[in-house]
Amino acid sequence: MRRAFPIFAIVFAVVYAVVYAVSVWKNYALFTYHPALNEFGMGVQKAKEGPAMYWYGWMATSAIVASLAGLVACLLPEQAARRLWPGLAWLVPLCAMLFFAWLLREYFLR
Amino acid sequence: MTTVLLIVHGLLAVALLGAITHQAASVLWPAPRPAGSFTGRFRAVAAPGYANTVVILYVMTAILGGVIYAEYRVNIRIVLVELKLDAANGSFELKEHLAAIGLGMLPAYWWSWRQPDGRLRAPLTAMLAFIVWWNFLVGHIVNNIRGFGS
């Protein structure tokens, strides 16, 4: 547990940020929520009445993939796990934050 | 009901803002002990003790925000679009993404405050503090533009 949690936490932070950014960019939502109808649907669905919300689905996709990646990383031999630079836990999310600022730039440049 | 949830969401965010700001100030700008001035005492808190509170408050604030977000998408966002308030709209879009990225950082953040050397503390705490401040200010501004029940 003492050895496994830091590996899980670092891999989770890295993979979650990457998968979330890709999920938003390519719209890989695990499910869609239709708030006007209070209805959920599997995968990416078009808007019915009112808007379709993918945010919850993007987070679900990211959390599942990151959890699996974290668990797999915990199974790696100690020597391989030592090569994991802990700084990735902040560097990759920082890059994801900058990516979203770039992705949404049109809102601020109009 | 949504208005009540929004107020609770705001109150949790205020508590989170206070906790993460104390902690970020103490790790980025350590104060000499004993601290004499007001700013010195602000920075001289026992920062590790805030980590559990920050994680719990962040998760609770995010869950409540997620609950009332549907109301925003149905009734508020459309008004921002019609009024061509692109910067406010984009700022809120960024808020939702930053909140999600912050959730993914929480396990590493929590673990960093359990370590004696704590090299990860400063960057992770600073980033979470930035996310919390951005989300608080944007939420406050958007609520001022088109608060619930208006």
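Biologist: A residue counts as buried if 20 or more other C-beta atoms lie within 10 Å of its own, as exposed if 12 or fewer do, and as partly exposed in between, with C-beta atoms placed from the backbone. How many other C-beta atoms lie within 10 Å of A:Ala81?

Modeller: A:Ala81 has 17 other C-beta atoms within 10 Å, so this residue is partly exposed. Please note that this is a predicted model, in which local features need pLDDT of at least 70 and side-chain atom pairs count only at pLDDT 80 or more, while totals for chains, interfaces and linings use all residues. Residues are numbered from 1 along each chain as its sequence is written, and chains are lettered from A and ligands numbered from 1 in the order in which they are written.

Biologist: Where is A:Ala81 placed?

Modeller: A:Ala81 sits in helix 3 (residues 78-82) of chain A. Helices (H or I, at least four residues) and strands (E, at least two) are DSSP runs, numbered from the N terminus.

Biologist: Which residues is A:Ala81 in contact with, leaving aside its neighbours within four places in sequence?

Modeller: Apart from those neighbours, A:Ala81 is in contact with A:Ile7, A:Ala73 and A:Leu76. Two residues are in contact if their C-beta atoms, placed from the backbone, lie within 7 Å. A:Leu109 lies 28 residues from A:Ala81 in sequence, and their C-alpha atoms are 43 Å apart in space.

Biologist: Turning to helix 1 of chain A, how many of its residues are buried?

Modeller: Of its 23 residues, 18 are buried, and helix 1 of chain A is thus mostly covered. Its end C-alpha atoms are 32 Å apart, which agrees with the 33 Å that 23 residues should span at 1.5 Å a residue. That expected span is 1.5 Å times one less than the number of residues.

Biologist: What comes just after helix 1 of chain A?

Modeller: A:Asn27 follows, with a positive phi of about 55°. A:Asn27 belongs to the loop between helix 1 and strand 1 (31-34) of chain A. With 12 other C-beta atoms within 10 Å, A:Asn27 is exposed. For background, most residues other than glycine have a negative phi.

Biologist: And which loop holds B:Lys84?

Modeller: B:Lys84 lies in the loop between helix 3 and helix 4 of chain B. B:Lys84 is not a glycine, yet its phi is positive, at about 55°. This residue is exposed, with 10 other C-beta atoms within 10 Å.

Biologist: What is the secondary structure of chain B overall?

Modeller: Chain B has five helices and zero strands, in the order α-α-α-α-α along the sequence. Its C-alpha trace spans about 55 × 30 × 30 Å along its principal axes. Of the 150 residues in chain B, 41% are buried.

Biologist: What covers the buried residues of helix 1 of chain B?

Modeller: The cover includes helix 2 (38-43), helix 3 (51-82) and helix 5 (121-145) of chain B. Among the buried residues of helix 1 of chain B are B:Leu6, B:Leu12, B:Leu16 and B:Ile20. Helix 1 of chain B (residues 2-28) has 27 residues, which should span 39 Å at 1.5 Å a residue; its end C-alpha atoms are 37 Å apart, which agrees.

Biologist: Now the two chains together: how many residues does each give to the contact?

Modeller: Chain A gives 35 residues and chain B gives 25. On the side of chain A that touches chain B, helix 1 of chain A gives the most, with eleven residues. That side has 32 nonpolar, two polar and one charged residues. Ala, Val, Leu, Ile, Met, Phe, Trp, Tyr, Cys and Pro count as nonpolar, Asp, Glu, Lys and Arg as charged, and the others, Gly among them, as polar.

Biologist: At what angle do helix 4 of chain A and helix 5 of chain B cross?

Modeller: The axes of helix 4 (residues 88-103) of chain A and helix 5 of chain B cross at roughly 30° and come within 9 Å. Axes are lines fitted to C-alpha atoms, for helices over the stretch in contact, and angles run from 0 to 180 degrees between N-to-C directions. The two helices are therefore roughly parallel to each other, given that angles under 35 degrees count as roughly parallel, over 145 as roughly antiparallel, 65 to 115 as roughly perpendicular and the rest as oblique.

Biologist: Which residues make that contact?

Modeller: Helix 4 of chain A contributes A:Ala89, A:Trp90, A:Pro93 and A:Leu94, and helix 5 of chain B contributes B:Pro123, B:Leu124 and B:Met127. By class, these are seven nonpolar, no polar and no charged residues.
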